Amino acid sequence: MTDIHDVPLKGGGFDFRVRVYPADTPNGTLLVWLHGGAFMFGTLEMPEADQVGRRLSAAGITVVSVDYTLAPLDALTALGPPDPDAGLPSPELMRAEMEAAGPRARFPVAGLQIVAAFDWAVDNARAYGADPGRVALGGASAGANLSAGAAMRLRDRGTTVPALLALVYPSLHDGILPPNEETAELLRNIPPARLFTPQSRAAINRNYLPDGDDPHGYAFAGGHDLAGLPRVLIVNAELDSLRPSGEAFAAELAAASVDVRVVRERDAVHGYLNEIGHPAAEHTLMLLEAAVAEI
């Protein structure tokens, strides 16, 4: 089991899979990792998933990348046209490609699958040279949100919990939090297509959780009881309208006596882990490597 390989699993009533990146020289740790994509899209092949798996496994960390069931595409049009400089396909082409990707489901399916993937990783850690007590959980963007929700479920279950929660440019509250003056000034010069608006974020969130009913924080952990979570690393993109959520969540964690480190990647926009070689991506990969290696 030294080569990259897929493992079929079942969770939330749906089949899904994980892709395992075995560590070249295991250091005893494992990271369960989730890509982003507004809950609606994203694949195991996107750099935000594959780059993390390849780079961290080369550094001694086995990575289990989760191909969770995506939400329906009903909120796609609310995102507006893509940034013309980002090289993304049109919304129509994206919809056609994503509709061919397989079954879709809303909350709580993805979150239940992440718990199942985490349990599988703990049960199989030793086969990859990892300690079952040194299994971390994390993700980027929507994947960070899903990671936090799964950590809440695992905490409430009262059995095995992650040794670390790693959240990269996360959105952890149900809606856009207002920026402070400094952040608002920085965002004025960012192309609108590179930012989430209150309207687009609301459409994404209601597509994922239609009724907004989230008493336990399993859909949006922000604003809920965070006591008892493992230590947390939060890495925010400076030029990101979601940054206030990551910063507020860090404050909520500290108030709940949870150890937290929060880092701002300067001059970076949301989604930078999808840009191979981006300075912020390189620095974030180093942060993830160091944080997981320390557990």
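Axes are lines fitted to C-alpha atoms, for helices over the stretch in contact, and angles run from 0 to 180 degrees between N-to-C directions. This report applies that description to a predicted model, in which local features need pLDDT of at least 70 and side-chain atom pairs count only at pLDDT 80 or more, while totals for chains, interfaces and linings use all residues. Residues are numbered from 1 along each chain as its sequence is written, and side-chain values use heavy atoms, with hydrogens and water left out. Helices (H or I, at least four residues) and strands (E, at least two) are DSSP runs, numbered from the N terminus.

**Two helix pairs**

Helix α1 (residues 47–58) packs with helix α8 (residues 279–293) at an angle of about 55°, and their axes are 10 Å apart. This angle makes α1 oblique to α8; angles under 35 degrees count as roughly parallel, over 145 as roughly antiparallel, 65 to 115 as roughly perpendicular and the rest as oblique. In contact (heavy atoms within 4.5 Å), Gln51, Val52, Arg55 and Leu56 of α1 meet Glu282, Leu285, Leu288 and Glu289 of α8. By class, this contact has four nonpolar, one polar and three charged residues. Here Ala, Val, Leu, Ile, Met, Phe, Trp, Tyr, Cys and Pro count as nonpolar, Asp, Glu, Lys and Arg as charged, and the others, Gly among them, as polar.

The axes of helix α3 (residues 109–124) and helix α4 (residues 142–157) come within 9 Å and cross at roughly 65°. That angle makes α3 roughly perpendicular to α4. On the α3 side the contact includes Ile114, Val115 and Phe118, and on the α4 side it includes Leu146, Ala150 and Leu154. The residues of this contact divide into eight nonpolar, one polar and three charged.

The expected span of a helix is 1.5 Å times one less than its number of residues. For α1, with 12 residues, the distance from the first C-alpha to the last is 15 Å, close to the expected 16 Å. The 16 residues of α3 should span 22 Å, and its end C-alpha atoms are 22 Å apart, which agrees.

Buried means under 20% relative accessible area, exposed over 50% and partly exposed in between (1.4 Å probe, protein chains only). Among the buried residues of α1 are Ala49, Val52, Gly53 and Leu56. The elements that cover the buried residues of α1 include β2, β3, β4, β5 and α8. In α3, the buried residues include Val109, Ile114, Phe118 and Trp120. The buried residues of α3 pack against β1 (5–11), β2 (14–21), β3 (29–34), β4 (61–67), β5 (135–140) and α4.

**Backbone features**

The peptide bond from Phe107 to Pro108 is cis, with omega near 15°. Pro108 lies in the loop between α2 (91–99) and α3.

| Residue | Phi |
|---|---|
| Tyr169 | near 30° |
| Ser257 | about 65° |
| Gly60 | about 105° |

Tyr169, a residue other than glycine, has its place in the loop between β6 (165–168) and α5 (181–187). Tyr169 is buried, with a relative accessible area of 1%. Ser257, which is not a glycine either, lies in the loop between α7 (243–255) and β8 (260–269). Ser257 is exposed, with a relative accessible area of 67%.
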